[in-house]
Amino acid sequence: CARMSLMIRRAPQAAQLTDKAQAMMKKIEDCLHCGKCKAKCPYGLDTPRLLEENYQDYREILAGKMI
Ligand code: SF4
């Protein structure tokens, strides 16, 4: 989910827009922004921010944004 913006532009788009994929992305709404993933990430990623940004992009694509 945190890399969907890249995935949807590099792989066949339809596979990332299925009902199952949309349900998976919608789970981002449940993020508590507790930061536990960020604190443990071995790559130092700000995962909560990545999730938020990728979800916003995904929703814009669902709404018709051209990619
Ligand atoms: S900040 Fe990370 S660990 Fe916390 S709820 Fe969100 S995704 Fe899960």
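## Ground rules

This is a predicted model, where local features need pLDDT of at least 70, side-chain atom pairs count only at pLDDT 80 or more, and totals for chains, interfaces and linings use all residues. Residues are numbered from 1 along each chain as its sequence is written, and side-chain values use heavy atoms, leaving out hydrogens and water.

## Cysteines

You'll find zero disulfides here, a disulfide being a pair of cysteine sulfur atoms within 2.5 Å. For C1, the nearest cysteine sulfur belongs to C31 and sits 11 Å away. C1 is also partly exposed, at 35% relative accessibility.

## Around the ligand

C37 turns up again in the ligand's surroundings, along with C31, L32, H33, C34, G35, P48 and L51; each has a heavy atom within 4 Å of the ligand. That shell splits into six nonpolar, two polar and no charged residues. Here Ala, Val, Leu, Ile, Met, Phe, Trp, Tyr, Cys and Pro are nonpolar, Asp, Glu, Lys and Arg are charged, and the others, Gly among them, are polar.

## Helix packing

Helices are DSSP runs (H or I, at least four residues), numbered from the N terminus. α2 (residues 19-26) packs on α4 (residues 47-62) at about 145 degrees, axes 10 Å apart; axes are lines fitted to C-alpha atoms over the stretch in contact, with angles from 0 to 180 degrees between N-to-C directions.

On the α2 side, A21, Q22, M25 and K26 meet N54, Y55, Y58 and L62 of α4, contact meaning heavy atoms within 4.5 Å. Those contact residues come out as five nonpolar, two polar and one charged.

Definitions and conventions: Helices (H or I, at least four residues) and strands (E, at least two) are DSSP runs, numbered from the N terminus. Buried means under 20% relative accessible area, exposed over 50%, partly exposed in between (1.4 Å probe, protein chains only).
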